[in-house]
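Hello,

Here is the structure I said I would pass on. My notes on it follow below the view.

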Amino acid sequence: MKVTLAVYTFPVPSVPHALSPDDHRGAALAASNEYPERPIPGVSAVVLRGGSVLLVKRRDEPSRGLWSPPGGALEVGETVEQAAARETLEETGVVVRSVSVVEVEDVILRDAAGRVRWHYVLFAVRCEWVSGEPFPATDADHARFIPLAELGEYDLTPTAREAIERVTRGRSP
């Protein structure tokens with residue numbers, strides 16, 4: 001297996017530390033991962049169906065307002081493949097089967113003072129769609145299958161664009 005590593009470092013706007021009663025589970029998890037003592041392992045589930053890819057528009061930091069594949073932090077005792085399937089179901093209601101890890105990327109986001117505010121090690125996992133139509137849940141504002149030809153119209157995270165390109169290069173026309 002070939003693994004590609006990339007590091008993205010850019011400032012993230014400040015968000016309040018206090019959680020309001022309207023915050024969802026995703027916001028609480030994101031806040032608990034802010035200013036970590038060590039990197040947080042996470043997954044990004046790249047789900048293709050026909051000529052489309054499943055994306056969510058993030059509601060919470062660190063990627064608020066950006067589109068990316070469903071994903072999040074691993075839970076204790078969970079494999080990367082299990083996490084990809086769980087996160088996809090939790091965020092979109094779509095059932096998938098994890099196929100393989102396609103790349104590993106570091107996402108390091110610093111605050112204005114240069115301190116590490118977020119640090120994730122993301123495993124991009126190619127997944128096959130099994131069933132379900134996407135709807136936004138947990139930390140997503142929107143969830144949908146987006147035609148690959150229209151990806152340029154969406155504000156994607158850098159890791160999302162690279163993972164999608166790697167998965168689509170590896171599939172037959």
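The buried residues of helix α2 are Val80, Ala83, Ala84, Arg86, Glu87, Thr88, Glu91 and Thr92. Please keep in mind that this is a predicted model.

These buried residues of α2 pack against β2, β3, β5 (71–73), β6 (95–110), β7 (116–131) and β8. The helix itself covers residues 80–92; at 1.5 Å a residue, its 13 residues should span 18 Å, and the end C-alpha atoms are 18 Å apart, so the two values agree. Glycine 93 follows α2 and has a positive phi, near 80°.

Glutamate 78 is buried, as is arginine 86. These contacts belong to a network of salt bridges that links Glu75, Glu78, Arg86, Glu87 and Glu90. The count for the model comes to 13 salt bridges.

Another salt bridge joins arginine 97 and glutamate 128, with the closest N and O atoms 2.8 Å apart. Arginine 97 is in strand β6 and glutamate 128 in strand β7, so this pair ties together parts that are 31 residues apart in sequence. Arginine 97 is partly exposed, with a relative accessible area of 44%; glutamate 128 is also partly exposed, at 34%.

On the strands, I looked mainly at β3, residues 52–58. Six of the seven residues in β3 are buried, which leaves the strand mostly covered. How does β3 pair with β2, β4 and β8?

- With β2 (residues 40–49), the sense is antiparallel, over two bridges. Arginine 49 has serine 52 of β3 as its bridge partner. The hairpin of β2 and β3 has two residues between the strands, and glycine 50 there takes a positive phi near 60°.
- With β8 (residues 140–147), the sense is antiparallel, over seven bridges. Valine 56 has alanine 143 of β8 as its bridge partner.
- With β4 (residues 67–68), the sense is antiparallel, over two bridges. Here valine 56 stands opposite serine 68.

Regards

Note on methods: Residues are numbered from 1 along each chain as its sequence is written. This is a predicted model: local features need pLDDT of at least 70, side-chain atom pairs count only at pLDDT 80 or more; totals for chains, interfaces and linings use all residues. Side-chain values use heavy atoms; hydrogens and water are left out. Buried means under 20% relative accessible area, exposed over 50%, partly exposed in between (1.4 Å probe, protein chains only). Helices (H or I, at least four residues) and strands (E, at least two) are DSSP runs, numbered from the N terminus. Two strands pair if DSSP finds at least two bridges between them. The expected span of a helix is 1.5 Å times one less than its number of residues. Contact means heavy atoms within 4.5 Å. A salt bridge is a side-chain nitrogen of Lys or Arg within 4 Å of a carboxyl oxygen of Asp or Glu.
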